[in-house]
Amino acid sequence: MENYSKKNTIIKKLDCLLCDASINDNNLDFYLNKSKISKEDFYSLFPKKIVSLSIFYFEKTYMLALKSIKPRLLKEKSISKKTNLIVIEFLKSFFKNSNLSIFFINYTLLKPFLFSKIIYKIASNIWYDIGDKSIDFNHYTKRLILYNILKNSFFYWRKNLDLDATLDFTRNQINFFGKLGKYKAIGKARLKEKFSFFLQKKNI
C-alpha cells in the first residue's frame, strides 16, 4: 500500500508533463528533475520507465473503478450486467483525464505486445472480480472476448474522443456477445438432447 501511495504521488507530479508528446524513455530524467522527483525513488518503483508507468496507470484506474462500483456489483446477480457495470465504469474512469489517457494509449500502442498484455490482464481481472470460476476452455474464450471488447473500445475512443459514443459502442459489443453466449448455450443443450436421443435409439 505504501508503494501504491508513492507511485500515485509520482504520477500526479508528472501528470501535466506526461501530456507532452515529446516525453520518452530517453529524456525522462530531464522531466524527473523538472518535477523534483528523486530518480532513485522513481526507478525503484518504475524500473522499466514509461512501460512501468503505463502498467500502473491502467491498473490503478481499474482498481479505482472497481472500488467505486463494488456495492452495486455485489447486489447484481446477472453476469452480463456485472460485466457491463465494471467495463463501463473502467472506461469512464480511464477517459476522465483525456490528455493523460491519450499519452498512455499512444505509448502502449507503439509497443503492441505491451498494450495487449495490459488489456488482457484487465479482462482477466474483470472476470475474476465478477466471480467467474471457469477452469475449462471457457476460461480463455471469455477473456479473449472481453479483451477484444476493451481493445475495440480503446481504438474507438482514440479515433473520435467521444466518451458517450464510445460507451454506447461498448454496450452494443457486450450485448452482442451476451446474445452469442446464450445462443451457444442453447445450441449445446439441443446438441446434447439429440445425442442422448440418438444413444437411446441405438440401444433399442
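## Packing of H5 against H8

Axes here are lines fitted to C-alpha atoms, for helices over the stretch in contact, and angles run from 0 to 180 degrees between N-to-C directions. In this predicted model, helix H5 (residues 79-94) packs with helix H8 (residues 137-160) at an angle of about 30 degrees, and their axes are 12 Å apart. Because angles under 35 degrees count as roughly parallel, H5 is described as roughly parallel to H8, and H5 passes H8 in a right-handed crossing.

On the H5 side the contact is made by Thr83, Val87, Phe90, Leu91 and Phe94, while H8 contributes Leu146, Leu150, Ser153 and Phe154. Sorted by class, the residues of this contact of H5 with H8 comprise 7 nonpolar and 2 polar, with no charged residue.

## Packing of H4 against H7

Helix H4 and helix H7 (residues 112-129) pack at an angle of about 20 degrees, with 11 Å between their axes. That angle makes H4 roughly parallel to H7, and the crossing of these two helices is right-handed.

The residues of H4 that take part are Val51, Ser54, Ile55, Phe58, Glu59, Tyr62, Leu66 and Leu73, and they meet Leu114, Ile118, Ile119, Lys121, Ile122, Asn125, Ile126 and Asp129 in H7. The contact of H4 with H7 divides by class into 11 nonpolar, 2 polar and 3 charged residues.

## Aromatic pairs

A pair of aromatic rings is described by the distance of the centres and the angle of the planes. With ring centres required to lie within 6.5 Å, the count comes to 22 aromatic pairs. One of them joins Phe46 and Phe56, whose ring centres are 6.0 Å apart and whose planes stand at 70 degrees, so the pair is edge-to-face. This pair links distant parts of the chain, since Phe46 lies in the loop between helix H3 (39-45) and helix H4 (50-75) and Phe56 in helix H4, 10 residues apart. Phe46 counts as buried at 0% relative accessibility, and Phe56 is also buried, with a relative accessible area of 7%.

A further pair is formed by Phe58 and Phe154, with ring centres 5.8 Å apart and planes at 45 degrees, so the pair is tilted. Phe58 in helix H4 and Phe154 in helix H8 are 96 residues apart, and their pair likewise links distant parts of the chain. Phe58, which is among the H4 residues that meet H7, is buried with a relative accessible area of 0%. Phe154, which is one of the H8 residues in the contact with H5, counts as buried at 0% relative accessibility.

Terms used: Residues numbered from 1 in each chain as written. Predicted model: local features only at pLDDT ≥ 70, side-chain atom pairs only at ≥ 80, totals over all residues. Heavy atoms only, no water. Helix = DSSP H or I, 4+ residues; strand = E, 2+ residues; numbered from the N terminus. Parallel < 35°, antiparallel > 145°, perpendicular 65-115°, else oblique. Left-handed = near helix turned anticlockwise from the far one by under 90°. Contact = heavy atoms within 4.5 Å. Nonpolar A, V, L, I, M, F, W, Y, C, P; charged D, E, K, R; others polar. Phe/Tyr/Trp six-rings, centres within 6.5 Å; stacked < 30°, edge-to-face > 60°. Buried < 20%, exposed > 50% of the residue type's maximum accessible area, 1.4 Å probe, protein only.
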